[in-house]
Amino acid sequence: MFPSFASALCSFVAAPQLRPARSRRNHKPRRLPTAGAALFFLLPLAVLLSACGGGGSNSAPIVSLGTTSYAFNAQMTGTTSAAQTFELANLGTAPLKISSIALSGANASSFTVTTGNLACGSTLAANGSCLIYVTFNPPSVANCAATVTITDNATTLTQTIALTGAGTPAPGANQTPDTRAAAMLTLMTQAEKLTLVQGGVTTNNTYGYSVPRGAAGWVPAIARLGIPELYLADGSVGVGNGVGPATALPSSLANAASWDLNEATKYGNIIGSELADYGINVNLGGNTNLIGREPRDGRTFETKGEDPILAGKFAAAHIAAIQAQHIIGDIKHFSFNDQESGRTLANAIIDERSGRESDLLAFEIGIKDSGVQSVMCSYNLTNSQYDCENEYLLNQVLKGDWNFPGFVMSDWWATQSTVNATLNGLDQEQPNQQFFSSLGASVTNGQVPQARLDNMVQRILRAMYAVGLFDNPQNIQTVPFAADAAVAQELEESGAVLLQNPSNLLPLNASTIKSIAVISGHADTSVLSGGGSAQVQPNGGGLVQATDPCPPCWAQVIWDPSSPLQAIKAIAPNATVAFDDGTNPSSAAALAQSSQVAVVFITVWSSEGMDQPSIDIRAIDQAQITYPGSQAALVQAVTAANPNTVVVLENGGPVLVPFIGPTNALLEAWYPGQNGGPAIADLLFGKTNPSGKLPVTFPMNDNQLPRPSIPQPPADGSIFPVNYTEGYNVGYKWFDVNSLTPWFPFGFGLSYTTFTMTNAQLVNNLNSAGNPNFQVTFKLTNTGTRAGAEVPQVYLGMPAALNEPPKRLLAWQKVPLNAGAAQQVTIEVDQNDSSQPMSYWNTTSESWTVSPGVYTVYLSNSSAPSSLITVGTLTVN
Ligand code: BGC
């Protein structure tokens, strides 16, 4: 009865829709009439106003329940609203304990209730009222009804609210995010728009603020429109900040070392699902800085290595998996943020072509392949403009050339201005409103066009629609720690890299080994993790070092609770396994000497807010307080005492450890994460065959790097240049161009088995109109006696006239093979891929261009020139 009654009167009461909606803040709970007759009459009237798009509040039915009364007040925010708001008032004299509120659609074919949540907690005070937000999809159609069921501790009350009207349905989930965002934008007041473009933190104190849900940032909800709150939390290697205990994953670099994008998806999936379990809906992970420019950067562990294509593809896989959990993903720090020393003053100087073919290419791939919805601009300057107000980076490249539809948020307190920043492309200041609090005034006085503010809001809303924040209710629940830890272990096992095993000391034989010395690195209880904003509070609690290293002077050293010692004991139950903490090299050497095999754990802590003083562990140990003494001296003593020594590295990025002898084995375990102990044991004993490859070159010394020492900020705190004279020759490209031999090359990693790649052929489909590509085909054979996996890599030499480095990585494939098995493998390179595989950046046409000339295609198992197989050449006319 209500729908038709309401429809009939719809045009009669159309006027109220012009009234502005009331601000929730000024709204006081009202007592409503209780007469039964009024109830009968007022309900249809309230519904009618809503249905016709009225924004005002209306009288509502009052229903008695025991000694208490509830009232509903159905409001609608306009004919194109994506949400409905119901007001629930407690008219009784006692607080109500509400255990659930449920809504269901009475006409499911016309609309769907997709979200119903109680905004005011579980207790509704006497005389109190609260709003319930419900998102309908589509939100306003004729002849539909919602049933609201409220259950308090004792009783269930059901109230039907009919919704009818002739309004145009707001764009629903079947519409594009842009269409839906544009419709929502039309409903917003200026104050509401300004709320969305700034962080909700109310202090300028960099470290002392707190955000709900332990997040790093927060944007308040706009309740009357059903726009949810944003909770922004870090998550490069697992859920970060103070959100709660989480699964500490192996470092992001360790994941890139798997060279397996399926493992990257699993990695992103753990981060995304645990964020969702905690009710976080924006992830601040996605560190894609091309760290090969500065491998001593303290944040190397958060990144994906030195190659733009490898880094871009891994970033994209992480982000896509995170966004699949209805979380806004993020890629950062845009761009050229390659050192921590003086990061707010460093002015990266780079020419256009070099920038496009290096750091920016990694971002271009990461953004285009994942559909990421937010980009975090960095602290530093690029070519003398701060990155968070860098017209070239934000407006021209990101939003112009790449058509990025989402929003740009500042790194924390990286905003530099109001007008400049907004005009040059920044869409959201984080975590507070130091500059954007005056944005409203800047719009009023004409310095910032209204259209620009609208565009900022549109971008943020479309991000929220694109990942499904409006359509998928949050589901806060317990993290499945046991299952996630098992994935963390798999991720570590797929990313560890066997760097040296000259006398086949590894794998250790659990059934024959009699005694093992486990030395140093807190291996009796833990494995090391990286510090800073990416720090995860590991499940089970970490071992926390008493004194925080300085620099950075604010990050903790946390050891994840996973014991290699215990795992080794478990896997080799017949051996005597003893531990020495390594602080006295002589006692460690004595234990090593009396044991059949020694396993030494070398740990190198690194963090946001600091860089390593050197690649060389001798200089690192002098600067750090995580090991009291010299780990190089420890290695020297132990390897001298027992040639059967395995060195296990737990570190953030490339490091040189001298004194590893010709018979010693070396396993790069990175920061191994929540189940690092069992993962390392499985690798040492061959339960898992190592298959990782280095995603970053390990130099022999600092002099092999483009900048032997890291440029430091001047004492007066002024801006200082970091000249990227190496241009696009980053990482192995630099080593190739300068004919330098590193300690271990990019792409390198051993196995307990051996592989051959034979009969390599080039298939040239570059003239195929639909899918111009070339393929490298070959036979991969596991010539050893164990199952394992190899990562064949395809590199390309560009035409000589282009002055490119001798080769660039284009594609790879991780192939598992049983002992003795062979497989025909095809690796395809699509010329139209986001990685621009055959192009150079043409500064004349301002575009990616394939040059005429001869291209040489190589197949290899590392970037070492000696390992390249020339497959053939391609000629482009
Ligand atoms: C870091 C960002 C991080 C942010 C929030 C900044 O210090 O540079 O990577 O997302 O803090 O924690």
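In the ligand site, the side chain of Asp234 puts an N or O atom 2.4 Å from an oxygen atom of the ligand. For Tyr379, the gap between a polar side-chain atom and an oxygen atom of the ligand is 3.1 Å. These are polar contacts (pairs of N or O atoms within 3.5 Å; within protein, one atom must be able to donate a hydrogen and the other to accept it, and residues adjacent in sequence count only if both atoms are side-chain atoms). In total, 14 residues surround the ligand, and the closest are Asp234, Lys332, His333, Asp411 and Glu608. A residue is counted here if one of its heavy atoms lies within 4 Å of the molecule.

A word on the model itself: it is predicted, so local features need pLDDT of at least 70 and side-chain atom pairs count only at pLDDT 80 or more, while totals for chains, interfaces and linings use all residues. Residues are numbered from 1 along each chain as its sequence is written, and side-chain values use heavy atoms, with hydrogens and water left out.

Stepping back to the whole protein, the secondary structure comes to 20 helices and 39 strands. Both are DSSP runs numbered from the N terminus, helices being H or I with at least four residues and strands E with at least two. Of the 877 residues, 63% are buried; the cut-offs are under 20% relative accessible area for buried, over 50% for exposed, and partly exposed in between (1.4 Å probe, protein chains only). Among contacts with a separation of 6 or more, 74% come from residues 24 or more positions apart, a contact being heavy atoms within 4.5 Å.

Asp560 gives a local view of such contacts. This residue belongs to strand S23 (residues 558–560) and is buried, at a relative accessible area of 1%. Leaving aside residues up to four places away in sequence, Asp560 touches Ala248, Thr525, Ser526, Val527, Leu528, Ser529, Pro538, Gly673 and Gln674. Take Gly673: 113 residues separate it from Asp560 in sequence, yet the C-alpha to C-alpha distance is 6.6 Å.

Next come the aromatic rings. A pair of them is described by the distance of the centres and the angle of the planes. Rings of Phe, Tyr and Trp (its six-membered ring) pair if their centres lie within 6.5 Å; planes under 30 degrees apart count as stacked, over 60 as edge-to-face and the rest as tilted. By this rule the count comes to 13 aromatic pairs. One of them is edge-to-face, with Phe301 and Tyr671 at 5.5 Å centre to centre and 75° between the planes. This pair links distant parts of the chain, 370 residues apart: Phe301 is in the loop between strand S12 (282–283) and helix H7 (308–323), and Tyr671 is in the loop between strand S27 (665–668) and helix H19 (676–684). Both Phe301 and Tyr671 are buried.

Tyr732 and Phe746 make a stacked pair, because their ring centres are 4.5 Å apart and their planes meet at 20°. Tyr732 sits in helix H20 (residues 732–737), and Phe746, 14 residues away, in the loop between H20 and strand S29 (755–765). Tyr732 counts as buried at 2% relative accessibility, and Phe746 does at 0%. Ring pairs also join these two with Trp259, Tyr795 and Trp812 into a cluster.

Charges show up over rings as well, meaning that NZ of Lys or CZ of Arg is within 6 Å of the ring centre and within 35 degrees of the ring normal. Arg293 lies over the face of Tyr724, 4.4 Å from the ring centre, and the charged end of Arg356 sits 3.8 Å from the centre of the Trp841 ring.

Finally, a search of the whole structure finds two disulfides, each a pair of cysteine sulfur atoms within 2.5 Å. In one, Cys377 joins Cys388 with an S to S distance of 2.1 Å; this link is right-handed, with 105° about the S-S bond. Cys377 is in strand S15 (residues 374–377), and Cys388, eleven residues away, is in the loop between strand S17 (385–386) and helix H10 (391–401). Cys377 is buried at 0% relative accessibility, as is Cys388 at 1%. The sulfur atoms of Cys550 and Cys553 are 1.8 Å apart in a disulfide, which is right-handed because the torsion about its S-S bond is about 85°. Here Cys550 is exposed at 56% relative accessibility, whereas Cys553 is partly exposed at 44%.
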